Amino acid sequence: MKNFILLIVFLFTMSCSHNLPDFTSRLSSRLPTEGKPEAIGEFSLGCLQGGQTFNGKEKGLLLSQMKRGRYWGHPDLINILTRAGAEFDKENKTLIIGDLSQSRGGPSLTGHNSHQTGLDVDVWFKILTDKTKPSFYVMETEEMKPIAELGSDQIKLIKFFADDSSVERIFINPAFKKTLCTSKKLTADEQHKMRAWWGHDDHIHVRLKCPADNPSCVSQNAIPAGDGCGDELNWWFSDEAKDTDSSWTDMKNVYLDKIKKLPPQCSFYNETF
Ligand SMILES: [Zn+2]
């Protein structure tokens, strides 16, 4: 089942490794561990055992940014994305899927604090309506510009994920959160799951709950009660928020520091390095 993706990994590693630092290309091309799929540790400090990926036959999905090697996830994540693609495919539309996790989860060198346990995924706001392309295809993100407003397709996208009981929260740009608060297009439960965060002006970031049978998965603190539209949202437009630097100042040091702090069950993350 993984032959298709492994072939692509191989071809891409062959063709693009000269563009990537060696360390990064080794991270992006290695294979998952065997064993029961399991999210281990925290969303921002953990790993993924038995990572799964797409089989190339999913409808309504297009995988972007292949060279980053972050198209592995817990089966729950592959499952919800496959269902989302099938839903949009009914209208001849295609979702563009960004980063999931690396093959073994864990920290990565090129951005993203989370996406470490196979339960996080970025889904682009841009939705394709051109069915002349294959339903499972590779493209890079240069075309994925920030969008100006949330149209009906984006609202449908948000609702699809927010309504799914496996979804824990969804990160979105504060300006879009404000739009959602005033437009009243979401239910209270949907609004509750939508959380303002830096960036995310061209995609949403969907985070699943810890799977029930993954005892080493550490849940995040619960979302505060309410719709998140009051003072909490206003903070994002304050000077204090604007002064808060969310970017990594020294990615490599942060990365190396995180590797040292991974839970002991993640020892496979460091194998072959
Ligand atoms: Zn993300």
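**Figure 1. Burial of Leu180 in the predicted model**. Leu180 has 23 C-beta neighbours inside 10 Å and therefore counts as buried (20 or more other C-beta atoms within 10 Å; 12 or fewer is exposed, in between is partly exposed, with C-beta atoms placed from the backbone). The residue belongs to helix H5, residues 174–183. Helices (H or I, at least four residues) and strands (E, at least two) are DSSP runs numbered from the N terminus. Residue numbers start from 1 along each chain as its sequence is written. In this predicted model, local features need pLDDT of at least 70 and side-chain atom pairs count only at pLDDT 80 or more, while totals for chains, interfaces and linings use all residues.

**Figure 2. Contacts of Leu180**. Neighbours within four places in sequence aside, Leu180 is in contact with Lys185, Leu186, Gln191 and Met194 (contact: C-beta atoms, placed from the backbone, within 7 Å). Met194 lies 14 residues from Leu180 along the chain, and their C-alpha atoms are 8.9 Å apart.

**Figure 3. The buried face of helix H4**. Helix H4 spans residues 152–162, and Leu157, Ile158, Phe161 and Ala162 are buried in it. Viewed down the H4 axis, these buried residues fall within an arc of 120°, so they line one face of the helix; the arc is that of the directions from the helix axis to the C-beta atoms. An α-helix has 3.6 residues a turn, so residues three or four places apart point the same way.

**Figure 4. Packing partners of H4**. The buried residues of H4 pack against helix H6 (188–193) and against strands E5 (120–128), E7 (167–172), E8 (194–196) and E9 (203–208).

Terms used
Contact = placed C-beta atoms within 7 Å.
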